[in-house]
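Colleague: Could you walk me through how the strands and the cores in this model get their labels?

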Amino acid sequence: RVRLTATGPLLTPTYTSATMIQFRAPSQPSPDTLIYDVFVADTALPGLQSAASPNATFCYSPTVSALSNAHLVPSVATTITLTGTNFVDGAVVLLGTEPNTVDLNATVTSSTSLTVVVPTQADLESELGRAHSGLWYVHVRNPASARDGISVEDKGIQFNPVVAGVSPTIIDRSAASTTVTVTGRNLYSFSVVHLVAVGSGTSPADITPSYSNEGTLVFNMPKQAVGMADRHEVHIRLVQAAVTSTETNVTVQYMTLPIIASVTATTSNAHSPLAK
């Protein structure tokens with residue numbers, strides 16, 4: 001049998017060979033203890049048990065259960081608090097997916113709480129050395145004194161959408177619908193287009209776009225209905241997170257476009273290029 005600590009409860013291992021056994025670690029016996037000596041006991045001979053050894057230890061890793069803020073403004077460095085277990089002084093927060101991570105120094109306030117300052121999106125990408133999705137996984141890695149244990153929960157942060165522009169900006173009010181392309185950053189596949197009326201009038205309901213990538217979304221602007229405003233700010237909204245882009249200078253506007261009914265040819269003189 002196997003036990004954690006010299007007098008802990010006996011665990012039933014899986015025998016592999018004379019030199020190897022495997023066992024399933026139980027729930028952490030004490031929240032204040034991370035590292036446990038591992039002993040092998042012979043139940044057929046009571047009292048026969050392996051000796052403590054620095055090479056026979058087991059360490060529980062940190063866990064992350066919650067983040068105080070998972071939706072960050074791209075241009076602002078933000079302090080967030082991580083809640084979990086087994087945080088040790090010297091722990092670092094890893095953003096990204098190993099081996100491509102940015103390591104951030106953390107302030108451990110207790111074994112269940114730490115704070116970290118997340119840089120701006122541009123600074124994170126500069127540190128990483130390449131562009132990165134607006135979604136970043138968050139893990140905690142304890143120092144060598146705690147066996148470099150690392151959390152495995154898939155917690156994450158995401159930078160809020162930013163709208164840079166739309167095309168076209170003029171919408172024919174007589175058209176049944178108009179295809180509009182939105183460009184920017186952090187335009188996620190689970191986003192919707194949220195239009196805000198400028199001046200009097202209503203706006204269309206939120207529109208589900210077609211996703212191209214985090215820099216491009218495409219949506220169909222509906223025909224202008226009675227009472228609908230002429231001009232609308234274009235925002236991207238993350239419905240589940242109740243987060244909306246904040247730029248107010250990107251707009252689309254309904255207009256009555258000129259219609260060419262006919263073209264009449266006129267006689268030109270022989271010196272005109274049109275006469276050739």
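**Strands and cores**

Modeller: Strand E16 (residues 177–185) and strand E19 (residues 216–222) pair in the antiparallel sense over 7 bridges. This is a predicted model, where local features need pLDDT of at least 70, side-chain atom pairs count only at pLDDT 80 or more, and totals for chains, interfaces and linings use all residues. Residues are numbered from 1 along each chain as its sequence is written, and side-chain values use heavy atoms, with hydrogens and water left out.

Colleague: Why are E16 and E19 called paired?

Modeller: Two strands (DSSP runs of E, at least two residues, numbered from the N terminus) pair if DSSP finds at least two bridges between them. E16 and E19 have 7 bridges, so they count as paired. Threonine 178, for example, stands opposite methionine 221 in E19.

Colleague: What makes E14 and E18 edge strands?

Modeller: The open sheet runs E14-E16-E19-E18, with antiparallel pairing. E14 (162–167) and E18 (210–213) each have a single partner strand, so one side of each lacks a neighbour in the sheet.

Colleague: What makes a set of residues a nonpolar core?

Modeller: The set must hold buried (under 20% relative accessible area, 1.4 Å probe, protein chains only) Ala, Val, Leu, Ile, Met, Phe, Trp, Tyr and Cys residues joined through side-chain atoms within 4.5 Å. The largest such core has 26 residues, and Leu82, Val93, Leu95, Val118 and Ile157 have the most contacts inside it. E10 gives the largest share of this core, 4 residues. A second, separate core of 18 residues includes Val182, Ile207, Phe219 and Ile236.

Terms used
Buried means under 20% relative accessible area, exposed over 50%, partly exposed in between (1.4 Å probe, protein chains only).
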